[in-house]
Every structure is written in C-alpha cells, then in structure tokens.
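Open the model in your viewer and keep the sequence panel beside it. Each stop below gives a selection and what to look for there.

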Amino acid sequence: MDEIDKIASKHLGKKPDGGPASKYRSQFEIDENLLVRIPRSLNREHDKIKNEDLPFFGWDVWHAFEFSFLLSNSYPVTGLLKIIYPCESRYIMESKSLKLFLNSFNFVKFDGNHQTARKRATNKVIEILSNFLNTEVYASFHEKSTQEQNNIFSDYVPLEDSIDLEKENFDIFKQDTSLLQTERCLEPNGFKVSSRSLRSNCRVTNQPDWGDIFIKIVGSRSPSKLSLLKYIISMRQENHFHEEICEHVFKTLSDLLPRSKVLVACLYTRRGGIDINPIRINHKSFLNEDSFLNSLLDLKIPFSKTFRQ
C-alpha cells in the first residue's frame, strides 16, 4: 500500500464503528479529528506536475447534500453545504472523512435565530477546513432546492451524439494517451464537448465513480471526437481520486496542444451524500465565457447539476 492509500484508508472501506479512528468523539460536539487530508503532490507525481509550477489553475467544488445542525431549541436544520477551495492548496480532502466530520454537526446547537445559526454553523465549517487544508475555503448553506439547470450545459456537444458508436471498438480500459489524434479545429468559438462515459474507481475501495466530463479547447487544433471519446473510456479501470482524473485529462490535452487554451471539468455523481466537481483551466477568459463554470463557482447558487447528478 502506497502513502496515499495509507492516508486515505483511515476511514475508507471501514465501518463507522470499526475502531477509534472511525468513532465520533461525542454525538454532541464537532469532531475535527475525523478529517483526513492528502498532499496533492503525491497525486501529481504521476503526471510530473509540480506544485510550485502548476500548468493550470482551478477549484474543487463540493456539494454536501446532507449537512445538518440544531437550533438552540433543538430544531434540526438540514440543507446543502457548498464548499469551494483552490487547486493551488497543498492538500485535498478525503471525502469520507469530510462526510464523518460534517455528520458530527448533526446534534450540535448554534445560538441565535435561524439566519444567525446558519451563518455560525457555516462559518465554523469554513474556519476548521481553512485551518486544516492551509488554504482559503469558501462555503455557503442552502435550504431551498432549485430546479435542474441542464440548459447551462447545452453548448457542450456530447461526444456520444457525434459518433456512430456501433461501428467502433472501445476495448481499452486503462488510460492510454496514444489513442488521441488531433485535427484542425474548425469551430469559431472553440471545441466544446462533453461525455457521459467518464468512469474511474476509488483508489482505496475500488468502488466505481461515475461522472460527466466537459472539455473546451480554443486553438488551431483539437482532438478528433472519436479519439477523445476512446481516451475518456480508457479511464474505466483507472484507480484515482476525482481530482487526479481531472488533472490527468487536463495535462494530457495541454501537452498534446501546448499553445491552446484548455478547460476540463469533471462533474461526478454523489457518493455518501457528497459530489465532487474538480475544474482545471489555463486561461482566465473561460471565467467570463462559460455559464456553467460561473454557476459552479457562485456561492449564491446551490448547484447546477447534470442529468445523472
């Protein structure tokens, strides 16, 4: 077992009562000792990415759909907690540890009226996570659900709808960059595609992680749609965290097209009440051009979800 697996396996693959490391300190107090962080540098060695010279910038956006705490009269407040932190941070959060940590709020009382208690609970999460991850963490709490906003993804053309799938072979399930072929990009606003075929596995439990991937490339060349779909499908037996998969794809495409602007976003489905959505870009112009990117990064908007989310 390598160093990452040793760190991540503190909670992953274990029952909540599986030992001292998996138990809550108390049912009625916040337990930050449950948190587990993993150095990003360990994840990035595979792609020869150095923290001090990142080829991208971006964020990890988390939606925790089961966050709850108590008002002073013991009334339970439940809703969605949206958490955002930058990919420049030294650490990533291990997802099960975050779930256990947030669950430790379930019977903790926060003083004040409803609005004040919400703010205090959210600020406590921000304070603890910012200190733990050694970076600036942003969070917002939402109780009211919103309608699905699938229209914000509509300008990303699904690769599966552009290819006669029955005439092709898709039999490579380990990441293979040699599958990628480039061609002249004829799209005036850039190459914008998505795929519902993203699947990888948790590196500790080997459980499948399902997601949708969104890719935008602005430059004179782009990958052929068939080769890009085959490359995405080749992740199917890879064992990596969500953030790693996103960075693998980004690094591969930016190396393939070194003079191009590249955006890669992986919107994963929920596991344990939490979904993780890593975003990596190499040009700030994307922040002004993409409604779904702005929606993900806007703390006032609870979430914008894909069909599978």
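Select T135 and show its surroundings. Beyond its neighbours within four places in sequence, T135 is in contact with Y85, P86, S89 and S130; contact means heavy atoms within 4.5 Å. T135 sits in the loop between α4 (114-133) and β6 (138-142). Helices (H or I, at least four residues) and strands (E, at least two) are DSSP runs, numbered from the N terminus. T135 counts as buried because its relative accessibility is 16%. Buried means under 20% relative accessible area, exposed over 50%, and partly exposed in between (1.4 Å probe, protein chains only).

A note on the model before moving on. It is predicted: local features need pLDDT of at least 70, side-chain atom pairs count only at pLDDT 80 or more, and totals for chains, interfaces and linings use all residues. Residues are numbered from 1 along each chain as its sequence is written, and side-chain values use heavy atoms, with hydrogens and water left out.

Step back to N134. This residue, just after α4, takes a positive phi of about 55 degrees. Now select α4 itself. The helix has 20 residues and reaches 29 Å from its first C-alpha to its last, close to the 28 Å expected at 1.5 Å a residue. The expected span is 1.5 Å times one less than the number of residues. Colour its buried residues: A117, A121, T122, V125, I128, L129, S130, F132 and L133. At the start of α4, a side-chain oxygen of N113 comes to within 3.2 Å of the backbone nitrogen of Q115.

Rolling a probe the size of a water molecule over the atoms shows where empty space is left. On a 1 Å grid over the protein atoms alone, a cavity is a set of points where a 1.4 Å probe fits but cannot get out; a pocket is an open set with protein on both sides within 12 Å along at least five of seven lines; lining residues have an atom within 4 Å of a point. Grid points are joined across faces, edges and corners, and a volume is the space filled by probe spheres set on the points.

How many cavities of 30 Å³ or more does the whole structure hold? The search finds two.

Select W62, I83, Y85, M93, L98, L129, L133 and V137: they line the second largest cavity. β3 (76-86) and α4 are the elements that give two or more residues to this lining. Its volume is about 30 Å³. The lining has eight nonpolar, no polar and no charged residues. Ala, Val, Leu, Ile, Met, Phe, Trp, Tyr, Cys and Pro count as nonpolar, Asp, Glu, Lys and Arg as charged, and the others, Gly among them, as polar.

Now the largest cavity, of about 60 Å³. Select A64, F65, E66, F67, K99, L102, N103, G272, G273 and I274 to see its lining. β2 (57-71) and α3 (95-103) each give two or more residues to it, and β2 gives the most, with four.

Stay on α3. Its buried residues are S97, L98, L100, F101, L102 and N103. They pack against β2, β3, β4 (91-93), α4 and β13 (274-281). E94 caps the N-terminal end of α3, with a side-chain oxygen 2.9 Å from the backbone nitrogen of K96.

Which residues lie nearest the centre of the largest pocket? Select E94, S95, K96, R271 and I276, out of 20 lining residues. β4, α3, α6 (242-256) and β13 give two or more residues to the lining. The pocket holds about 340 Å³ of space. Its lining divides into nine nonpolar, four polar and seven charged residues.

Last, go to N51, in the loop between α2 (40-44) and β2. Is N51 partly exposed or buried? N51 counts as partly exposed because its relative accessibility is 31%. The N51 side chain makes a polar contact with the side chain of R44 (3.0 Å). A polar contact is a pair of N or O atoms within 3.5 Å; within protein, one must be able to donate a hydrogen and the other to accept it, and residues adjacent in sequence count only if both atoms are side-chain atoms. Finish by drawing a C-alpha to C-alpha distance from N51 to E88: 7.2 Å in space, 37 residues apart in sequence.
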